[in-house]
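Hi,

Here is the complex I promised to pass on to you. Have a look at it first, and then read on for what turned up.

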Amino acid sequence: MRNKLEELRKERGIRQEELAEALEVSRQTIGSLENGRYNPSIILAFKIARYFGRPIEKIFIYEEE
Amino acid sequence: MKILKKKIILCVIIALASIALFVINMLQNVDSSTTTGFASAITVISIVKLRQFYRISKNPQLLKKYEIMQKEERFLTISEKSGRFAFLVTIVVEFGAIFVLILLSQNKIATIVSLIAGTQILAYLIIYYYLCKKY
């Protein structure tokens with residue numbers, strides 16, 4: 001699964017630490033999500049979508065392998 | 001604070017158990033430096049952990065960070081994965097140990113290790129079926 005987290009975060013000019021604090025996760029989790037090493041739970045995906053004010057499917061792109 | 005309290009209670013229990021193991025081992029007057037070393041190592045680790053928990057409980061910022069980390073989904077996923085892997089490694093090592101002990105004719109110890117391995121597998125199966133019903 002691809003995501004546009006890094007792109008959206010940079011667009012807003014926020015640091016990983018700030019995003020992590022807002023979402024109540026660690027900075028490492030934000031890093032892992034941005035690198036595509038970790039896929040979030042549906043709850044965290046909703047939290048991210050709400051934070052950026054976009055639908056989930058606009059942030060997380062599911063691609064069949 | 002709830003998570004931290006649980007961790008403190010668990011740490012105190014482990015510390016007390018390891019101190020008891022250390023004392024019993026000393027009172028028995030047998031040469032078992034491995035058990036003494038193990039008990040003292042666990043005691044020291046528990047005391048260090050308790051000191052760390054005390055420091056966290058006194059600092060609201062650290063406490064908030066700690067509670068977030070404990071509930072954090074990536075941290076929980078990693079813990080579950082490492083737990084599963086550790087379980088597998090333990091079972092393989094135990095079966096290896098049983099095999100070696102039988103070859104060395106240490107049947108009593110082999111029986112004890114077999115019982116431990118059996119209990120582990122039984123506990124795993126019970127928890128597995130309980131969780132299957134729950135979710």
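A word on naming before anything else: helices (H or I, at least four residues) and strands (E, at least two) are DSSP runs, numbered from the N terminus. Residues are numbered from 1 along each chain as its sequence is written, while chains are lettered from A and ligands numbered from 1 in the order in which they are written. Please keep in mind that this is a predicted model, in which local features need pLDDT of at least 70 and side-chain atom pairs count only at pLDDT 80 or more, whereas totals for chains, interfaces and linings use all residues.

**Confidence**

The predictor scores its own confidence in each residue as pLDDT, from 0 to 100. Chain A has a mean pLDDT of 92, with 98% of its residues at 70 or more. Within chain A, strand 1 (residues 2-3) has the lowest confidence, a mean of 90, and helix 4 (residues 42-52) the highest, at 95. For chain B the mean is 90, and 99% of its residues reach 70 or more. The complex as a whole comes with an ipTM of 0.81 and a pTM of 0.73.

**The two chains**

Chain A contains five helices and two strands, and along the sequence they run β-α-α-α-α-α-β. Its C-alpha trace spans about 30 × 20 × 20 Å along the principal axes. The radius of gyration here is taken over C-alpha atoms, and the globule rule is 2.2 Å times the number of residues to the power 0.38. Chain A has 11 Å, which agrees with the value near 11 Å for a compact globule of 65 residues.

Chain B has five helices and zero strands. Its C-alpha trace spans about 55 × 45 × 20 Å. A compact globule of 135 residues would have a radius of gyration near 14 Å, but chain B has 19 Å. Chain B is divided into domain 1 (1-71) and domain 2 (73-135), with bounds that come from an automatic or database domain assignment. The C-alpha centres of these two domains of chain B lie 23 Å apart.

**Burial and the core**

I call a residue buried if 20 or more other C-beta atoms lie within 10 Å of its own, exposed if 12 or fewer, and partly exposed in between, with C-beta atoms placed from the backbone. By that count, buried residues are 17% of the 65 in chain A and 5% of the 135 in chain B.

A nonpolar core is a set of buried Ala, Val, Leu, Ile, Met, Phe, Trp, Tyr and Cys residues joined through C-beta atoms within 7 Å. The largest one has seven residues: Leu5(A), Leu19(A), Ala20(A), Val25(A), Ile30(A), Leu33(A) and Ile48(A). Helix 2 (16-23) and helix 3 (27-35) of chain A are the elements that give two or more residues to this core.

**Where the chains meet**

Two residues are in contact if their C-beta atoms, placed from the backbone, lie within 7 Å. Five residues of chain B are in contact with eight residues of chain A. On the chain B side, helix 3 (60-71) and helix 4 (73-103) are the elements that give two or more residues. That side divides into two nonpolar, no polar and three charged residues, where Ala, Val, Leu, Ile, Met, Phe, Trp, Tyr, Cys and Pro count as nonpolar, Asp, Glu, Lys and Arg as charged, and the others, Gly among them, as polar.

Leaving out residues up to four places away in sequence, Val25(A) touches Ala20(A), Ile30(A), Leu44(A), Glu72(B) and Arg74(B). With the same exclusion of residues up to four places away, Thr29(A) touches Ala20(A), Tyr38(A), Glu72(B) and Arg74(B). Thr29(A) sits in helix 3 of chain A and is buried, because 23 other C-beta atoms lie within 10 Å.

**Two loop residues**

Most residues other than glycine have a negative phi. Glu24(A), however, has a positive phi near 60°. Glu24(A) lies in the loop between helix 2 and helix 3 of chain A, and is partly exposed, with 14 other C-beta atoms within 10 Å. In chain B, Ser105(B) also has a positive phi near 60°. Ser105(B) is in the loop between helix 4 and helix 5 (107-134) of chain B, and counts as exposed because it has 8 C-beta neighbours inside 10 Å.

Best wishes
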